[in-house]
Amino acid sequence: MTSSTHHDTAPSAPSAPLEPAILERFAREVAKYPEAGKQSAVMACLSIVQQNEGYVSLQREREIAEYLGMAPIAVHEVTTFYNMYNQHPVGKFKLNVCTNLPCQLRDGVTALVHLEKKLGIKMGETTPDGLFTLQQSECLGACADSPVMLVNDRTMCSFMSNEKLDQLVDGLRNAAPATKGEAS
């Protein structure tokens, strides 16, 4: 079936402590701020963890909070406020479809529904093969180009008709084995 998307409710085994290389990266980020402002490095530390592990677990939030001298809830508030931070494992390709009101008026929800059917999952779920996670997002700042979506928090796709959505998904699916280092 599909994977769960809510790590807050599922118990998880503790991860190993943060690696020294990660802590060194944290230190480089913290060094950019005065001692009293080291908490300003919270977003950078969250990004470092996500780059290393693919998502930010509650354990890692607590470790970042301890490192920066913050309350764990303050780190959690940052993690949950921005949808660029994954709070659970996601697929190789994270598809964020804008469903904010301007995009809704220009087929944003239609694009989301089409992707749900094509991928066989609902918004917030990951395909069984681990390739795709489908999420809705708030405004991506390209209302005139709707429907719009963001792939892996980096690539903006505009004017996403059903045909363009199919091409995107098929292209990503076909590219996946090559990016995993598998032989053709």
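1. In which sense, parallel or antiparallel, do strands E1 and E3 pair, and over how many bridges? In this predicted model, E1 and E3 (residues 149–151) pair in the antiparallel sense, over three bridges. Within this pairing, Met149 of E3 is the residue opposite Val97.

2. E1 also pairs with strand E2 (residues 132–137); here the strands run parallel and are joined by six bridges. Val97 has Gln136 of E2 opposite it.

3. Strand E1 covers residues 93–98, and six of its six residues are buried. In a regular strand, side chains alternate between the two faces of the sheet. On one side of E1 are Phe93, Leu95 and Val97, and on the other Lys94, Asn96 and Cys98; both faces are covered.

4. Turning to the helices, two packed helices are described by the angle and the distance between their axes. For H1 (residues 20–30) and H2 (residues 42–53), the axes come within 9 Å and cross at roughly 155°. Because of that angle, H1 is roughly antiparallel to H2. The crossing is right-handed.

5. The H1 side of this contact consists of Ile22, Arg25, Phe26 and Glu29, which meet Ala44, Cys45, Ile48, Val49, Gln51 and Asn52 in H2. By residue class, the contact of H1 with H2 divides into six nonpolar, two polar and two charged residues.

Terms used: Residues are numbered from 1 along each chain as its sequence is written. This is a predicted model: local features need pLDDT of at least 70, side-chain atom pairs count only at pLDDT 80 or more; totals for chains, interfaces and linings use all residues. Side-chain values use heavy atoms; hydrogens and water are left out. Buried means under 20% relative accessible area, exposed over 50%, partly exposed in between (1.4 Å probe, protein chains only). Helices (H or I, at least four residues) and strands (E, at least two) are DSSP runs, numbered from the N terminus. Two strands pair if DSSP finds at least two bridges between them. Axes are lines fitted to C-alpha atoms, for helices over the stretch in contact, and angles run from 0 to 180 degrees between N-to-C directions. Angles under 35 degrees count as roughly parallel, over 145 as roughly antiparallel, 65 to 115 as roughly perpendicular and the rest as oblique. A crossing is left-handed if the near helix is turned anticlockwise from the far one by less than a right angle, and right-handed if clockwise. Contact means heavy atoms within 4.5 Å. Ala, Val, Leu, Ile, Met, Phe, Trp, Tyr, Cys and Pro count as nonpolar, Asp, Glu, Lys and Arg as charged, and the others, Gly among them, as polar.
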